[in-house]
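Subject: Structure for your review

Dear colleague,

Please find below the structure that I am handing over to you. I would ask you to keep it open while you read the notes that come after it.

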Amino acid sequence: MPARKMQKMPRSLRPTTSAGSRRCLLVGILFLMLNFAYNASKTGFFFSPYSKTFTEYAGEHAPSGVVSISGEESVWLDVAFKGSSNFLSLLRRAHKQKIANPSPHCLQQYNNATNLQNQNLEIRRYNRAIEIDFVGRDAVSSVLPTWSAEETSSCQFAAMAFRPTNDSLDEAMRQKMYVSAFYTPGQCMHEGVGAINWGLDLPLTCKGINFGGVLGGKTRRECVDESSGGYPVKMWLLQNSKNGMAAPLKCLKQFLKEDMSDHHYYFDVKSVELSASNSTIFTFHREFGSLIAGFGRDSDLDWNTATFQEWSKAVLLDSVKRRSTNNGTEHMVMKAIARLIGIFKVDRNFTTVNKTFIDCVEELIPPINTNIASDEAQRYWKERGVHLTASTMAEAPSSLLRSFPGSLRSVLPPPPTAVYSLNSVLAREVVNVPFESYVPGCSPFWWVLSTEKNILPPFVEEAVKKNISALSSPTETPRVVREQILHSCSEGDQSLCPFPTYDIVIDVSQVYCGGFFHWEIEIWPRIAPFLDGLNAMPDFAIRIGCEIKDFHPKFFDLIGLSSPKVTIIGLDTVFAKEVIVPTEGFAHTPFLNYWNLVSVRRHIERRIGGTTNQSTQQSLPMKTVLVIVRDASRRGDGNIYGNIFFQQLTTGLGPGYNVTAYRSSDAVMMGCLECQVRAFMAADVVIGSHGAGLSHLLFAKRGGTVLERIEGHQDSSIYSELSFLMGLKYFPMANNAGWDAYRDIILFAADL
């Protein structure tokens with residue numbers, strides 16, 4: 001059947017051409033400007049014009065094409081974002097302004113609407129209302145930011161930023177945080193190994209998701225320095241390099257003289273001294289994997305001794321290279337290291353032990369860098385390398401955000417945004433409008449770029465399969481069919497629109513929607529900055545973009561968005577007369593989701609009550625230790641957190657603590673989301689293996705303690721970042737850490 005000719009354009013795309021229309025438009029715009037100016041004087045809102053260049057949010061101007069909302073009346077965490085309560089009307093106004101004042105390239109785009117037989121139709125792809133420059137750009141250069149320069153900007157999408165007030169930012173920067181270990185082993189893998197593929201000095205790039213975190217180093221060298229074991233070693237090197245490594249060299253020479261005297265001809269003192277002064281070997285610890293396994297690792301050597309051992313090994317091996325002949329020397333070096341280790345394994349009271357050498361090595365421990373000066377804190381530092389420092393957000397070790405011009409106060413991520421358009425087909429993670437599409441996320445980039453040239457866009461293929469006669473033509477390109485579908489649906493003829501139609505859809509679809517952690521921390525909170533405005537809106541739908549699971553609607557119920565006001569859409573392709581896309585939830589990087597997370601936390605606190613600040617609970621006689629036990633999970637850890645663990649930890653902590661289990665086999669608890677949230681609100685200490693069960697740290701008491709058991713090298717830093725943002729004291733625990741290590745760290749953290 002021949003293709004249906006398009007007789008008229010969708011109303012949202014029709015440019016005004018007649019003189020009468022232009023006069024009406026000018027009068028209308030003037031009225032809107034006067035009305036808005038009046039309202040602005042009453043409400044304190046400021047409507048910024050679109051700009052052509054990107055400037056940082058912390059300055060006076062908004063980024064290109066982004067409308068900024070400012071004001072200073074609100075208090076952080078209560079009403080955090082100016083304009084959010086009437087965000088829909090502001091988005092509608094911004095979109096009307098864009099359509100009424102098209103750029104030259106947009107006029108050309110509108111003209112293309114009258115000639116759908118053009119086989120070279122261009123579909124412009126856009127991403128992110130707010131560009132995150134430090135996320136890798138490899139292979140995604142053809143996707144433009146929505147707010148980009150006038151000659152490339154979107155013609156159909158309007159983007160707005162809802163800026164926190166200055167008072168909100170001031171309060172955020174003063175929030176008390178705790179700095180310990182931000183990185184876990186999976187974040188600092190060797191090149192070519194594990195989930196991240198980066199070299200020692202290569203920056204993190206986007207390999208399909210924003211994996212890797214942003215709280216700490218940009219490179220693997222910096223990453224390891226901020227891991228649980230890397231930090232003590234870094235402090236060891238800093239302390240001992242002040243005098244050219246003279247102190248550890250003294251210990252090493254003493255060992256060679258007294259314990260390797262029968263093999264002295266293998267070790268040239270001058271070569272050893274030169275190697276000890278070689279700064280390039282000071283980075284040996286970054287390859288020393290056993291030191292980054294988390295606190296409480298099962299080892300015969302304490303971290304200081306292990307560090308000295310590795311340093312000595314690096315020095316001796318380097319000294320071998322300086323000799324003209326080294327026959328058998330490398331073998332003797334390994335023999336010397338084995339003997340060195342043996343010294344520390346022997347009881348100090350044994351008469352043949354070189355006590356002077358042992359004392360020399362123990363004096364190499366640097367002073368503890370913490371706010372705690374107690375003897376117990378010193379002991380934990382010496383025995384386990386445990387460290388914790390009270391801080392503020394202003395002092396956060398976020399080198400990536402500090403180098404990003406869009407960050408707020410050079411520390412916090414950009415503010416929440418919303419992208420808006422009319423007459424959209426929502427399919428997969430892509431928002432489709434005439435001649436343009438919006439791709440909210442890193443993974444969809446790759447999907448779009450890899451499939452667009454070779455495969456029918458999924459919603460086009462779906463429509464053709466439904467055999468809509470007006471759309472079927474084997475001679476037309478998928479792009480032409482795409483535009484016909486959008487035109488038919490926007491004209492309101494349901495017999496020609498192959499998809500269900502909704503008036504207003506908020507699209508939060510993105511990758512990993514079915515995963516509990518990703519849903520709770522990355523996706524669901526995207527609507528939080530706009531909750532006040534959502535409650536005032538007419539009925540609307542939320543499209544989550546995946547198969548609806550039991551927990552999805554429970555989260556909306558928790559925040560007060562329930563049927564019949566709100567319809568939840570799963571994976572179905574739908575047509576939206578109006579579509580709103582909040583800021584994407586960045587994958588595996590809670591820090592970039594900061595504003596969404598603090599906003600949803602505050603809304604839940606207000607809605608269901610409960611106390612999430614430990615300082616208000618000091619009068620309670622006992623502290624609650626909540627142990628997450630996965631005894632009904634594919635990754636069970638009941639053998640780790642079993643009855644013996646509970647008995648020993650309870651006895652070890654004493655009468656001031658109540659150790660209680662939070663079991664995945666507890667059907668009543670698992671069926672009640674609010675009960676789960678309240679359990680975390682009440683806990684002073686949370687213990688658990690790396691996994692989705694720790695997602696509820698979002699609601700844990702500020703000042704509480706988190707001990708995360710690191711299971712393997714693929715475990716990421718997501719819960720260390722989340723703990724930091726929520727003001728929790730975070731400690732990664734080694735996979736084989738015993739109950740006594742948990743006890744020591746809980747008592748250590750209680751003093752801070």
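This is a predicted model: local features need pLDDT of at least 70, side-chain atom pairs count only at pLDDT 80 or more; totals for chains, interfaces and linings use all residues.

Residues are numbered from 1 along each chain as its sequence is written, and side-chain values use heavy atoms, with hydrogens and water left out.

Helices here are DSSP runs (H or I, at least four residues), numbered from the N terminus. The axes of H8 (residues 269-276) and H9 (residues 303-321), which are lines fitted to C-alpha atoms over the stretch in contact, with angles from 0 to 180 degrees between N-to-C directions, come within 8 Å and cross at roughly 120°. Where residues meet, contact means heavy atoms within 4.5 Å. On the H8 side are Ser-271, Val-272, Ser-275 and Ala-276, which meet Trp-311, Val-315, Leu-316, Asp-318 and Ser-319 in H9.

Helix H6 (residues 230-240) has 8 of its 11 residues buried (under 20% relative accessible area, with a 1.4 Å probe and protein chains only). Tyr-231, Trp-236 and Leu-237 are among them.

A nonpolar core is a set of buried Ala, Val, Leu, Ile, Met, Phe, Trp, Tyr and Cys residues joined through side-chain atoms within 4.5 Å. The largest has 79 residues, and Leu-534 is one of those that touch the most other members. Helix H20 (residues 594-608) gives the most to this core, with 7 residues. A second, separate core of 68 residues includes Val-315 and Leu-316.

Yours sincerely

Methods: Helices (H or I, at least four residues) and strands (E, at least two) are DSSP runs, numbered from the N terminus. Buried means under 20% relative accessible area, exposed over 50%, partly exposed in between (1.4 Å probe, protein chains only).
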